[in-house]
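Q: I have a structure open on my screen and would like to learn how to read it. Could we go through it together, one feature at a time?

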Amino acid sequence: MTFYDEVGGYATFERIVDGFYREVALDPVLKPMYPEEDLGPAAERFTLFLVQYWGGPTTYGERRGHPRLRMRHMPFRVDSDARDRWLRCMRTSLDEIQLSPLHDATLWDYLDRAAHAMVNTMEHPGIRPTPAGRTELPTREVSQDSTENT
Ligand code: HEM
């Protein structure tokens, strides 16, 4: 008996992911990050990934290969704000599904850690690359005195 079986199999993961993407579609930061207007295919990839991770069928791997999740998220700007929004969407969905407290805590612990690991930029949102590709840092007046003899 795997975690996958215990929580009710494919249908349960599908419900979790459907609720999650319903929230993503309402989020002004997350929604534009998703390349396809229709979130259906993304929802299916995520469902299949979770199903495989928790001991269900390995369809994800057959279709997508090794998950390489950090690498696959590199094209997207995942900062702490995006992470927190992602987690909030997931929390809303899990609250609706009402798994047993132990199953909920186990799943949430994993998702929370995975989301923290997915962050790929520490930059302050106000600092953006310039068209020339160089990062523009906030400028600060430096007095003559402080730079002399250093
Ligand atoms: C931390 C905030 C996160 C953001 C902003 C984010 C955003 C995205 C985006 C924009 C995509 C592309 C959609 C697509 O075409 O599939 C994606 C794909 C995916 N994400 Fe995330 N994600 C986050 C965290 C996570 C976490 C924690 C997991 C796993 C527990 C995860 C699992 C996946 C999977 C499995 C895919 C599809 C990978 C594939 O192409 O096969 N994501 N994510």
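Q: Let's start with the ligand. How many residues surround the ligand, and which are the closest?
A: Keep in mind that this is a predicted model. In it, the ligand is surrounded by 21 residues, and the closest are Ala42, Phe49, Trp86, Ala114 and Ala115.

Q: Which helices each supply at least two residues of that shell?
A: Residues in a shell can come from separate parts of the sequence, as they do here: helix H3 (40–53), helix H5 (69–73), helix H6 (80–97) and helix H7 (101–118) each give at least two.

Q: How do the residues of the shell divide into nonpolar, polar and charged?
A: Around this ligand you find 16 nonpolar residues, 1 polar and 4 charged.

Q: Now the fold. How many helices and strands does the chain have?
A: There are 8 helices and 0 strands. Among the contacts with a separation of 6 or more, 71% link residues 24 or more positions apart.

Q: What should I look for in a nonpolar core?
A: The general idea is that in soluble globular proteins, nonpolar side chains tend to be buried together. In this model, the largest nonpolar core has 15 residues, and Phe13, Val17, Phe20, Leu50, Val51 and Cys89 have the most contacts inside it. Helix H2 (10–24), H3 and H6 each supply at least two residues of this core, and H2 gives the largest share, with 6 residues. As for the whole chain, 13% of its 150 residues count as buried.

Q: Leaving aside neighbours within four places in sequence, which residues is Phe13 in contact with?
A: Phe13 has Thr47, Leu50 and Val51 as its contacts once those neighbours are set aside.

Q: Does Ser80 count as buried or exposed, and why?
A: Ser80 is exposed because it has 12 C-beta neighbours inside 10 Å. You will find Ser80 in helix H6. Ser80 and His116 are 36 residues apart in sequence, and their C-alpha atoms are 8.1 Å apart in space.

Q: Where does pLDDT stay under 50?
A: Look at residues 146–150: their pLDDT stays under 50, and the model gives them 1 contact beyond four places in sequence. For the chain, the average pLDDT is 89, and 82% of the residues score at least 70.

Note on methods. Residues are numbered from 1 along each chain as its sequence is written. This is a predicted model: local features need pLDDT of at least 70, side-chain atom pairs count only at pLDDT 80 or more; totals for chains, interfaces and linings use all residues. A residue is near a molecule or strand if its C-beta atom, placed from the backbone, lies within 6 Å of it. Helices (H or I, at least four residues) and strands (E, at least two) are DSSP runs, numbered from the N terminus. Ala, Val, Leu, Ile, Met, Phe, Trp, Tyr, Cys and Pro count as nonpolar, Asp, Glu, Lys and Arg as charged, and the others, Gly among them, as polar. A nonpolar core is a set of buried Ala, Val, Leu, Ile, Met, Phe, Trp, Tyr and Cys residues joined through C-beta atoms within 7 Å. A residue is buried if 20 or more other C-beta atoms lie within 10 Å of its own, exposed if 12 or fewer, and partly exposed in between; C-beta atoms are placed from the backbone. Two residues are in contact if their C-beta atoms, placed from the backbone, lie within 7 Å. pLDDT is the predictor's confidence in each residue, from 0 to 100.
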